[in-house]
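The questions below concern one predicted model. Each answer works toward a name or value.

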Amino acid sequence: LIVVWKPRASYVDAARMKGVQGTFQMRCIFSEDGFIPRVEFIKILPEGLARQTLFALLRMKFLPREKDGKPVSSERIVEYQFTLY
């Protein structure tokens, strides 16, 4: 699996005002046809960051894993970091 583009997830104002920081983790299935059909949240953050992270994830561009020269589905943990600067 090669991630070509991983867009940033937007920080939500409510989360920023409450000082929410941390790592958001999801277990994802990356299909052979270039879509992400299944997402399981492993570690979430409050205040609307789940929604923003999912929106970013669904815009991700990737090349599927190959086996014997043919694309196949694969599973991977994807993380998004949220930090206040």
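Q: Leaving aside its neighbours within four places in sequence, which residues is Y80 in contact with?
A: The model is predicted: local features need pLDDT of at least 70, side-chain atom pairs count only at pLDDT 80 or more, and totals for chains, interfaces and linings use all residues. Residues are numbered from 1 along each chain as its sequence is written, and side-chain values use heavy atoms, with hydrogens and water left out. Contact means heavy atoms within 4.5 Å. On that basis, the partners of Y80 are K6, P7, R8, A9, G22, T23, F24, M26, T53, A56, L57 and M60.

Q: Which residues touch the most other members of the largest nonpolar core?
A: A nonpolar core is a set of buried Ala, Val, Leu, Ile, Met, Phe, Trp, Tyr and Cys residues joined through side-chain atoms within 4.5 Å. The largest one holds 18 residues, and the members touching the most others are V78, Y80 and F82.

Q: Which element gives the most residues to this core?
A: Helices (H or I, at least four residues) and strands (E, at least two) are DSSP runs, numbered from the N terminus. Two or more residues come from each of β2, α2 (49-58) and β7. With four residues, the element giving the most is β2.

Q: What is the strand order of the open sheet?
A: Two strands pair if DSSP finds at least two bridges between them. β2 (residues 22-30) and β7 pair in the antiparallel sense over nine bridges, while five bridges join β2 to β3 (residues 38-43), also antiparallel. The order is β3-β2-β7.

Q: Which residues stand opposite R27 in β7 and in β3?
A: β2 is joined to β3 by five bridges and to β7 by nine. In β3, R27 stands opposite E40. In β7, the residue opposite R27 is I77.

Q: Is S74 buried or exposed?
A: S74 lies in strand β7 (residues 74-82). Not counting residues up to four places away in sequence, S74 touches L1, C28, I29, F30 and R65. Buried means under 20% relative accessible area, exposed over 50%, and partly exposed in between (1.4 Å probe, protein chains only). Because its relative accessible area is 12%, S74 is buried.
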